[in-house]
Amino acid sequence: MRGCAPRLILALGVGLAAMPVWAHHELAAEFDDQRPVTLKGTVTKFEWNNPHVYFFVDVQDARGSIANWALELASPSELNNSGWSRESLQVGDLVTVEGNLARDGTTLAQAKTVIVASGQRLSAPTSEALRAAPRPVGASKPAPRWPDGHPRLGAAPGETGYWANPSAGSLVETTAGEIGMNANGLLANLGDAGKVAPFQSWAKGLYEYRQRTLLKDDPMVSCLPPGGPRMFQVPHGVRVLEQPDRQRIFITSGGGNHNWRLIYLDGRPLPTSEDVSPTYFGYSDGKWEGDTLVVTSVGFNERFWFSNGGLPHTENLKLTERFSRPDFNTLRYGVTVDDSGAYTRAWTSSWTLEWIPNQDLEQYFCQDNPRDEPHMVGKQ
Amino acid sequence: MPGKSVLPGCLLAVAILAAPVLAQEGHPLTGSWHGSWGPNGGPQHPVLLYMKWDSKNIVGTINPGPNAVPLKVAKLDPENWTVHFEADGKDASGNPAHIVIDGRIANLGSYNRTITGTWTEGATKSEFKVTRD
C-alpha cells in the first residue's frame, strides 16, 4: 500500500557503497560492485517471490530502442523486515533504479535504490542494515526448561520463536584467530585460506578455487539443501521442535526449501556406511551431557557444501555437534569436523545464534522462482 | 504408423540427453568420466574412466568391465589441477602396452567438468578428453 511509503524511506547512506543484500548465496559472483548503473524507465512486472524479489523495467536508450531490464532484490521476508511490501511497486510506475550490473553482460542488475516518480527513495536492505536493524529480542532471562530439567532448545508451550543471526559466516577452526570474511563465508584475504581449517592439499586447492570464483558454483544457487553445520549459517534461521515423548528432535531450516533433519535420542546405534544411503543431513543420534545436547552424525553425501564459503567434505564426514542454551536468547553451537578424506585431523568450530521471539519461520521455497544460476559467472 | 513408433524413441533419447548430472562436491576426480582418445582428426576410441578418492589415494579403472585396466599411478596436482595417470593395458593387437595419460581439469566447479590432455600408448601420443557424467 502506498500508505506504507514513509516506512520505505531509508537512509541515503546505504546507497552504492554498501555491501550486497543477504541472500541464500553469495551475490558477488553474479553482480559487479565496480560497475554501477542508473536505469530510468517504466515498471512492467513486480514478482514478489522467493528466493529473490524481481521487478522488470522497460528502459529506452538514446537511439529509442527499448530493453526490458530485470532488477533483483532480496527475499520477500528480508524486504518485509526493511519496510517493503508486495505493493511497493506497481506496473506502470516511472522509476529510477541505482544498482550494480550483472557480470554476464545481460540486461540484469542488482537494485540497490529505487526512486519512484514522487521522489520517494526505496532502498534495498544491505547486509549491514539487516544485521544492525533492531531485533525483537526478548528480555534477558534464564533458558526455559523441560520438566526433567533439560533446557528447551525450541519454543516453550504457547510461545513461538526460532534461531537466527549466526555470529559467524562460515566454519573456521576455533584456534585460527581473526579471519575476515563476509556473511557468506567469502574471505577478505584469500591468503587466509590455509588458516580456516587443516585441509588436505586437494581440499585447500578446491576451497581456494571456490573463493577465487566468488562462490559461483554454490549448490544452494540450484536450491540444493544446506546440509551439516551450514544449516545454522544461512539466512532465515532454524526452528527446533522437540518431541521428548518420541525421543527425537526435528530441526527445520528456514532457508533452502524448509529442509529438515531428525535427531534420535532413543540410544539407537549409528548405522555403518553399508547400512545407510548418504543424504544431505546424514543420520543423527543425540544424548544429553548435563545441559548440552551432544549429537553425532554420519552418512552425508557429497552433493552439497557443508559450510558457507565452500569448504569441501567427503562421505567420510562425521560431525559431533554440541547445542546449549546458556540464556533465553542464545543458542551456542559447536561442531567437531572429522573427515579424513578432506582434512588432516579433526577440528572444531563454534558460534552462537539469537532467539527471535514471537515469530515463526516464514514460508520460503527456494525453488519458487530461482533465476540466478545462469548468471553466476564469478571470476575466472 | 512410422511416426508412432519413432516418437517414443525420440522422447527417450531427449530424456537421456537432458538427464541432469548429480552434484559431486567432494574430491574433484571422484565419479565416472566418459570420452575418447585418438589422433587429432583420426579414429577415436571411446573410453570410460572411473575414479574414487580413498582419503589418501586416487583409485581408478580404465574401461571397467571385462577388459578393465586398473590405474597403477594416479596423481592430481591441486596447484594447477593437472593429472597424471599410468596403467598397463593392451594395444589393438592384444600386446601389452603401457598407457600414460596427462591432462588438466577444466570447469572445476561444474558437475560436467572435463579432463583434456594426451593419451600415450607405447610410443604413440594421441589426444584425450573425458567429461564427468
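1. Start with helix α5 of chain A: what covers its buried residues includes α4 (193–196) of chain A together with β4 (69–77) of chain B. Here "buried" is when 20 or more other C-beta atoms, placed from the backbone, lie within 10 Å of a residue's own. Helices are DSSP runs of H or I with at least four residues, strands are E runs of at least two, and both are numbered from the N terminus.

2. A quick word on the model: it is predicted, with local features needing pLDDT of at least 70 and side-chain atom pairs counting only at pLDDT 80 or more, while totals for chains, interfaces and linings use all residues. Residues are numbered from 1 along each chain as its sequence is written, and chains are lettered from A in the order in which they are written.

3. Back to α5(A), residues 201–212: its buried residues include Trp202(A), Leu206(A) and Arg210(A). Leu214(A) follows the helix and has a positive phi, near 60 degrees.

4. Now look at strands β11 (283–289) and β12 (292–298) of chain A, which pair in the antiparallel sense over seven bridges. Pairing takes at least two DSSP bridges between two strands. Glu289(A) has Thr292(A) as its bridge partner. Two residues sit between the strands of this hairpin, where Gly290(A) takes a positive phi near 65 degrees.

5. β12(A) also pairs with β13 (318–327) of chain A, antiparallel, over five bridges. Across this pair, Val294(A) stands opposite Arg322(A).

6. Finally, chain A is assigned domain 1 (2–131) and domain 2 (161–357), with bounds from an automatic or database domain assignment. Their centres, taken over C-alpha atoms, are 32 Å apart.

How values were computed. A residue is buried if 20 or more other C-beta atoms lie within 10 Å of its own, exposed if 12 or fewer, and partly exposed in between; C-beta atoms are placed from the backbone. Two residues are in contact if their C-beta atoms, placed from the backbone, lie within 7 Å.
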